[in-house]
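Please have a look at the model shown here.

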Amino acid sequence: MFVGDEIGALIDLFNKRDVSLFHSCQLQDFQSYLRLGGIPSRQLLSDCGLPFTEFETDCLDRENGVWDKAFLNLQDFGAIFANGKMGVPTVYGPITFAMSPEVLGTAADVAICLRSAGISGFQRDNESLQTIEDVDRL
């Protein structure tokens, strides 16, 4: 997991490699995001009583301790389908945000994980890549 100055190094690496970060959602989620002024965790949406799309993994997200985290991806999952490759449209929704790595600058910590946080027994601390070199090998 990356904290403090390590997040800055991660941002530098992503900028050097011209990496964008992605987040997809449904219309009702987008409307809630607008009310909050950003991409929140699902816990914040719930705590604020704002509507959001339920996922099959919601129960596991709570159990795995990631309900209070905002999720970004290193790849636009919808682009795989849009480009005629083996894939399906993103299950998270048709609205996709593409962001520069600088959005990570205010994060308390960043976990780059190779497996879904929505699997049984996921442990964010153990699943996260630990070094910039690990991320650079992706």
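This is a predicted model: local features need pLDDT of at least 70, side-chain atom pairs count only at pLDDT 80 or more; totals for chains, interfaces and linings use all residues.

Residues are numbered from 1 along each chain as its sequence is written, and side-chain values use heavy atoms, with hydrogens and water left out.

Let's begin with the salt bridges (a side-chain nitrogen of Lys or Arg within 4 Å of a carboxyl oxygen of Asp or Glu). The count comes to six, including these:

| Pair | Closest N to O |
|---|---|
| Lysine 69 – aspartate 68 | 3.6 Å |
| Arginine 137 – aspartate 134 | 2.3 Å |

Aspartate 136 lies in helix α7 (residues 132–136) and arginine 17 in the loop between α1 (5–16) and β2 (21–25), so the bridge ties together parts 119 residues apart in sequence. Helices here are DSSP runs of H or I with at least four residues, and strands are runs of E with at least two, numbered from the N terminus.

Serine 41 sits in the loop between α2 (27–36) and α3 (42–47). Is serine 41 buried or exposed? With 10% relative accessibility, serine 41 is buried (under 20%; exposed is over 50%, partly exposed in between, with a 1.4 Å probe and protein chains only). Its side chain reaches the backbone nitrogen of leucine 44 at 3.0 Å. Beyond neighbours within four places in sequence, serine 41 is in contact (heavy atoms within 4.5 Å) with Trp67, Asp68, Lys69 and Ala70. Lysine 69 is partly exposed at 23%, as is aspartate 68 at 40%.

Definitions and conventions
A polar contact is a pair of N or O atoms within 3.5 Å; within protein, one must be able to donate a hydrogen and the other to accept it, and residues adjacent in sequence count only if both atoms are side-chain atoms.
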